[in-house]
Amino acid sequence: MQSVRRRLSLILIACTIAAVILSAVFVNITMNNTFNKYMVDVQNQRNVRIVQYFEQIYKNEGKWTNSSGTEQMHEAYMSDYCLTLLDANKDVVWGMNPSDIRNTTTTHMMMGAGAGKGVYTSKTFEIKVEGKIVGYALIGQYYAVLLSEQDINFKTSINKGIAISAFIAILIVVAVSLNISKQFSLPIKTVSDISVELSKGNYESRPNIKSKIIELSNLIGSINMLGEKLMHQEQLRKRLVSDISHEIRTPLNVLQNNLEAMIDGILPITGDRLINLNEEVIRFGKLLNNLNSLNQFEEQEVPLNITTVFLDDLVTDVCSDYITIAKAKNININISTEPNKYMIIGDEDKLKQVFINLLSNAIKFNKENGSIWVKLQELDNKIMVEIKDNGIGIKKEDLPYIFERLYRGDRSRQLTSGNGIGLTIVKKILDLHGASIDVLSEESKGATFTLNFMKKVE
Ligand code: ADP
């Protein structure tokens, strides 16, 4: 197994080295071919020049002698080619020995066929004066292309340049590859380390790294969110266990203590006491019922009895049911609705449960002489119901969690009634109806719950 960084670096480096070597070889071959072509052109021009020179000599002298054009011999020796002058009958006037230039080939080297193993070839050129052939020039050499020392130095320095630039390119690419692979691998490695930590139960671990690559930045964001959720779930789990045991222990303790006292004859058995004890049993039963109905909602086992529901009627009914309870705390309930029939499709009983839970919370978490405002409104084919109170409000840190199972705000926990299930059920019922719920709140100023339902199309 290899790390992402190692694998990525190896791939990048291997690809780049291959690309650099290939392009260096390609440049080298192209350069050699072009240079060869150039040298062949130079040789052809040299041959033309030699023939023209002989023609001029013949024009001047009118015949061939043993010394006609012999000054060319020196240049021929120096440049590693062999010259022979023939007359019109192809008899040799003078000529160089091919083996002589072979021996002098010390600084003059070749290109093309393998070095040091040249095969002697010669070409014959006609020497014409006034349209008449007066002789022939034989130009022979051991190699297709002859190179001078400068030519070879020139070629060597170009090849060196290519090799050095390929080497520098590889060095740069290795450095860049290591850097690039780090940019990719570091976030992946960090996220992978964090996921291991999370799997070990260290829910506080977070990646302290940023990435400018969208996918990696999303990955970091997701693992952060996962950590937050796991930590929160862990807190909820702990809280759930303590809440449930508290909720169960309280009525059980009351029952046990009272019953023991009655059995021991310390407390006389009276009708009032039995009623009180029965209330505790009822409270206990309610908690279990709530947990049971929540479980059913979570298992999606609740069948909906779908009918047309007039939301304004339903909300008004629930409000009037709660007027007496609200009055006990001197709380005002104000309903504002337009003379309109707010029709939606849904289960009337379940929706009633939603408004009962929201309204009872608005009363429960309100102060003496507080107010509640219930408003219905139609907006873009949606029906919006707003339930607003000016009670104790919800702490900012509690806001994201109030729809969670058994979550109770700190101040709510001081109240005995309630078990943190009401809003969870509200959310589940609304989800089943495709409706949404949002909450805005400021501590000590109150809370506003806004529900949005799809309007029934007539
Ligand atoms: P419960 O009311 O049984 O505690 P809920 O699920 O109905 O449980 O509410 C969860 C928590 O949300 C409450 O404990 C309380 O902290 C907060 N809450 C809900 N409604 C209001 C409200 N109208 N004003 C202030 N806090 C509220």
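User: Which residues lie nearest the centre of the second largest pocket?

Analyst: Met39, Val42, Arg46, Ser79 and Leu146 do, out of the 14 residues that line the pocket. The model is predicted: local features need pLDDT of at least 70, side-chain atom pairs count only at pLDDT 80 or more, and totals for chains, interfaces and linings use all residues. Residues are numbered from 1 along each chain as its sequence is written, and side-chain values use heavy atoms, with hydrogens and water left out.

User: What makes it a pocket and not a cavity?

Analyst: On a 1 Å grid over the protein atoms alone, a cavity is a set of points where a 1.4 Å probe fits but cannot get out, whereas a pocket is an open set with protein on both sides within 12 Å along at least five of seven lines; lining residues have an atom within 4 Å of a point. The space here comes to about 260 Å³, the volume filled by probe spheres set on grid points joined across faces, edges and corners.

User: Which element gives the largest share of that lining?

Analyst: Helix H1 does, with 6 residues. H1 and strand S6 (145–147) each supply at least two. Helices (H or I, at least four residues) and strands (E, at least two) are DSSP runs, numbered from the N terminus.

User: Why is Arg49 with Glu75 called a salt bridge?

Analyst: Their closest N and O atoms are 3.8 Å apart. The rule wants a side-chain nitrogen of Lys or Arg within 4 Å of a carboxyl oxygen of Asp or Glu, so the pair qualifies. Arg49 sits in H1 and Glu75 in helix H2 (residues 71–78), so the pair ties together parts that are 26 residues apart in sequence. The structure holds 10 salt bridges.

User: Why are S2 and S4 said to stand at the edges of their sheet?

Analyst: The open sheet of 4 strands runs S2-S1-S5-S4, with antiparallel pairing. S2 (92–95) and S4 (121–129) each have a single partner strand, so one side of each has no neighbour in the sheet. From one strand to the next, the twist averages 20 degrees.

User: How do you know that S4 and S5 pair?

Analyst: Two strands pair if DSSP finds at least two bridges between them; S4 and S5 (residues 132–141) have 9, so they do. They run antiparallel, and Thr124 stands opposite Leu138 in S5.

User: What makes H1 a neighbour of that sheet?

Analyst: Contact, meaning heavy atoms within 4.5 Å. H1 (residues 4–61) packs on the sheet and touches S1 (82–87), S2, S4 and S5, making about 40 degrees with the direction of S4. Axes are lines fitted to C-alpha atoms, for helices over the stretch in contact, and angles run from 0 to 180 degrees between N-to-C directions.

User: What makes the pairing in the sheet of 5 strands mixed?

Analyst: The order is S8-S10-S11-S13-S12, and its edge strands are S8 (332–336) and S12 (436–442). S8 and S10 (residues 371–379) are parallel over 5 bridges, while 8 bridges join S10 to S11, which run antiparallel. Lys375 illustrates both: its bridge partner is Ser336, and it stands opposite Glu386 in S11. S10 and S11 form a hairpin with 2 residues between them, and Asp380 in the turn has a positive phi of about 40 degrees.
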